[in-house]
Amino acid sequence: MKVLRLALYMMVVGLISAGCSGDDGPIRANPNLPNLNVNLTLDLNLPQYNPLNFPGNAFVTQLQGVRGIVIYNIDNSQYTAFEIACPNTPVSDCSLMTVEGITATCPCNGNQYNIITGQITAGEGQYPMLAYRISRSGDQLTINN
């Protein structure tokens, strides 16, 4: 009886484990971007992050990520954070996007992306910008994946 119970338990655990995946689906399946661990905290009291205290402002940091991270303040309670490496080209010297307003532009191919949604707005490509989780607690922004 114990052996049967143990076998049943192992089968259930195996089925549950098989249904789980560390992959976040197509967002993480981008072959152009390596899957790096990101865990970054920004203190909004520091002068370099002052733009993030005002809705409608973006800030690019190259502290973590593949080429860096663009953070956008929607309304002081909602923020977005995306990888700033071009998602539709392999990482290279030209794959660091530039940000103007809410548009990130890839110098490699001219593709443009919306930094609020991460979606491509001009050009061609299969992949959107790689999104990171972002949350605010007091004056701290935490960005991770």
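1. Strand S4 is largely enclosed by the rest of the structure, because five of its five residues are buried. Buried here means under 20% relative accessible area, exposed means over 50%, and partly exposed is in between, with a 1.4 Å probe and protein chains only. Strands are DSSP runs (E, at least two residues), numbered from the N terminus.

2. This is a predicted model, in which local features need pLDDT of at least 70 and side-chain atom pairs count only at pLDDT 80 or more, while totals for chains, interfaces and linings use all residues. Residues are numbered from 1 along each chain as its sequence is written, and side-chain values use heavy atoms, with hydrogens and water left out.

3. In a regular strand the side chains alternate between the two faces of the sheet. In S4, Tyr79, Ala81 and Glu83 point one way and Thr80 and Phe82 the other way, and all are buried.

4. Which strands pair with S4? Strand S3 (residues 69–73) runs antiparallel to S4 and is joined to it by five bridges; Ile69 stands opposite Glu83. Strand S9 (residues 131–137) also pairs with S4 in the antiparallel sense, over two bridges, with Phe82 opposite Ala131. Two strands count as paired if DSSP finds at least two bridges between them.

5. S3 and S4 form a hairpin with five residues between them. Asn76, in the turn, has a positive phi of about 70°.

6. Leu96 lies in the loop between S4 (79–83) and strand S5 (98–100). With a relative accessible area of 25%, Leu96 is partly exposed. Leu96 touches Gln62, Arg67, Ile84 and Pro107, not counting residues up to four places away in sequence; contact means heavy atoms within 4.5 Å. Gly68 is 28 residues from Leu96 in sequence, and their C-alpha atoms are 8.0 Å apart.

7. A search of the whole structure finds one aromatic pair. Tyr49 and Phe59 form this edge-to-face pair, at 5.3 Å centre to centre with 80° between the planes. Tyr49 lies in the loop between strand S1 (39–43) and strand S2 (58–61) and Phe59 in S2, so the pair ties together parts that are 10 residues apart in sequence. Rings of Phe, Tyr and Trp (its six-membered ring) pair if their centres lie within 6.5 Å; planes under 30 degrees apart count as stacked, over 60 as edge-to-face and the rest as tilted.

8. The whole-structure search finds one salt bridge, defined as a side-chain nitrogen of Lys or Arg within 4 Å of a carboxyl oxygen of Asp or Glu. Arg136 forms a salt bridge with Asp139, with the closest N and O atoms 3.6 Å apart.

Key
Helices (H or I, at least four residues) and strands (E, at least two) are DSSP runs, numbered from the N terminus.
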